[in-house]
Amino acid sequence: MKNKFDDILGTVGNTPVVKINRLAPEGINLYAKLEAFNPAGSVKDRLALGVIEDGEKRGLLNPGQTVVEATSGNTGIGLAMVCAQKGYPLVIAMAESFSVERRRLMRFLGAKVVLTPAALKGTGMLAKARELAETHGWFLTRQFENEANAEMHERTTAQEILRDFKGEALDYWVTGIGTGGTLNGVGRVLKAERPETRIIVCEPDNAQLLGSGIPQPEAGSEGDVASHPSFQPHPMQGWTPDFIPKLVDDVTDREHIDTLLAISGADAIENSRNLAQQEGIFTGITGGATFTGALKVAETASPGSTILCMLPDTGERYLTTPLFDGIGAEMDDEEWAIAASTPNYQFDNPPPAPAPVSATEASTPAASEDGTA
Ligand code: PMP
């Protein structure tokens, strides 16, 4: 098969499914779908292409018109890639609490990033994006409710899974939820085409919006979104914003979720590291969290079961977050000992310390204020 494309957008999707070997419990076939293989490094490249092409098709987005969205990063990075290729200016509203490398990546790809106060949470940055769209006549991509988000997953992610497991068992499919686009689009296809596959949805253990059973509260005014009472800040950037998105609500209405699992931030980080260090698979915090969910499923699954989990992005996006806590830039004792184990090419004195991190990096909170996608 040729692997040659007319433009970068042709490379969105068709991500690999990879078997987990050392970390899989004996007798369990554990697989991960690596969304970091998308061109801008995350599952959100699919959504970005889906909503922009849908806007064009419906005549809602015209040549040269500015695109605007509220996002914690991956959607913004995906949109910036798509808008750069198609020539649309892009403005992103983003809470100040998300990792700084995300802002800089979006700006590197040509987007303007407008920060909103962390205290206003995910709902605040959403309101800012809406205000900007209404005031300036910009195209708001509405990732949390746009059906084109779920449809893209129905058309691409789900079909890839059907293709890769054709003629083979698929007992469990494990995902987290940000916008709910992945769950909504893939879930409906699996329910129709592979009804035996159980759909497992993971949430942060300290922000179980679905697990609480409390419905999403109505907003005070039309177009606004209210904060859900079960929300608390959690480290899984990209998962569980402070409200239940419409694309998720649609799925719970249709009873597409077989099991809900609560995942701790500490387990997510540990399993992201384990994937990197024992499987060579580099994924972010939500990838570690979804993998934790898959391992929990494996504990009770019957021998020979097949489990597939989604790994939404690359770990490289989290250098300034708790994922990299304890990963030093200087040589540790073991490294000094290796250096000293042969006679030459050594320092007489330790090398000078690297330049201090910039003020903005130093002031980034350890955990996100919320996990809005
Ligand atoms: N993990 C990360 C890192 C993400 O950015 C997202 C998207 N917000 C998700 C998981 C969840 O994907 P979805 O929006 O399709 O629910």
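Reply: Domain bounds come from an automatic or database domain assignment. For this chain, that assignment gives domain 1 (8–38 + 156–324) and domain 2 (44–140). The model is predicted: local features need pLDDT of at least 70, side-chain atom pairs count only at pLDDT 80 or more, and totals for chains, interfaces and linings use all residues. Residues are numbered from 1 along each chain as its sequence is written, and side-chain values use heavy atoms, with hydrogens and water left out.

Me: How many residues of domain 1 and domain 2 are in contact?

Reply: Contact means heavy atoms within 4.5 Å. By that rule, 30 residues of domain 1 touch 24 residues of domain 2. The centres of the two domains, taken over C-alpha atoms, are 23 Å apart.

Me: What makes β1 and strand β2 a pair?

Reply: Two strands pair if DSSP finds at least two bridges between them. Strands are DSSP runs (E, at least two residues), and helices are runs too (H or I, at least four), both numbered from the N terminus. β1 and β2 (residues 29–34) have 3 bridges, in the antiparallel sense. In one of them, V18 has A32 of β2 as its partner.

Me: Which order do the strands of the 6-stranded sheet take, and why do β1 and β9 count as edges?

Reply: The order is β1-β2-β10-β7-β8-β9, in an open sheet with mixed pairing. β1 (17–19) and β9 (259–263) each have a single partner strand, so one side of each lacks a neighbour in the sheet. Neighbouring strands are turned by 25° against each other on average, direction ignored.

Me: What about the sheet of 4 strands, and why are β5 and β6 its edges?

Reply: This open sheet runs β5-β4-β3-β6, and its pairing is parallel. β5 (112–116) and β6 (139–140) have a single partner each, so one side of each is left without a neighbour. Strand β3 (residues 67–70) and β6 pair over 2 bridges, in the parallel sense. V67 stands opposite F139 of β6. Helix α4 (residues 121–136) lies across β3, β4 (90–95), β5 and β6, at about 160° to β3.

Me: Why is α1 called oblique to α5?

Reply: Axes are lines fitted to C-alpha atoms, for helices over the stretch in contact, and angles run from 0 to 180 degrees between N-to-C directions. Under 35 degrees counts as roughly parallel, over 145 as roughly antiparallel, 65 to 115 as roughly perpendicular, and the rest as oblique. Helix α1 (residues 44–57) and helix α5 (residues 147–155) pack at about 120°, axes 8 Å apart. That makes α1 oblique to α5. The contact uses R46, L47, L49, G50, V51 and D54 of α1, with A148, N149, M152 and H153 of α5.

Me: Why are α5 and α6 called roughly parallel?

Reply: Their axes cross at roughly 20° and come within 3 Å. That angle falls in the roughly parallel class, therefore the label. M152, H153, E154 and R155 of α5 meet T157, A158 and Q159 of α6.

Me: And why are α6 and α7 oblique?

Reply: Helix α6 (residues 157–164) and helix α7 (residues 181–193) cross at roughly 40°, with axes coming within 8 Å. They are therefore oblique to each other. The contact is made by T157, A158, Q159, I161 and L162 of α6 and G185, V186, V189, L190 and E193 of α7.
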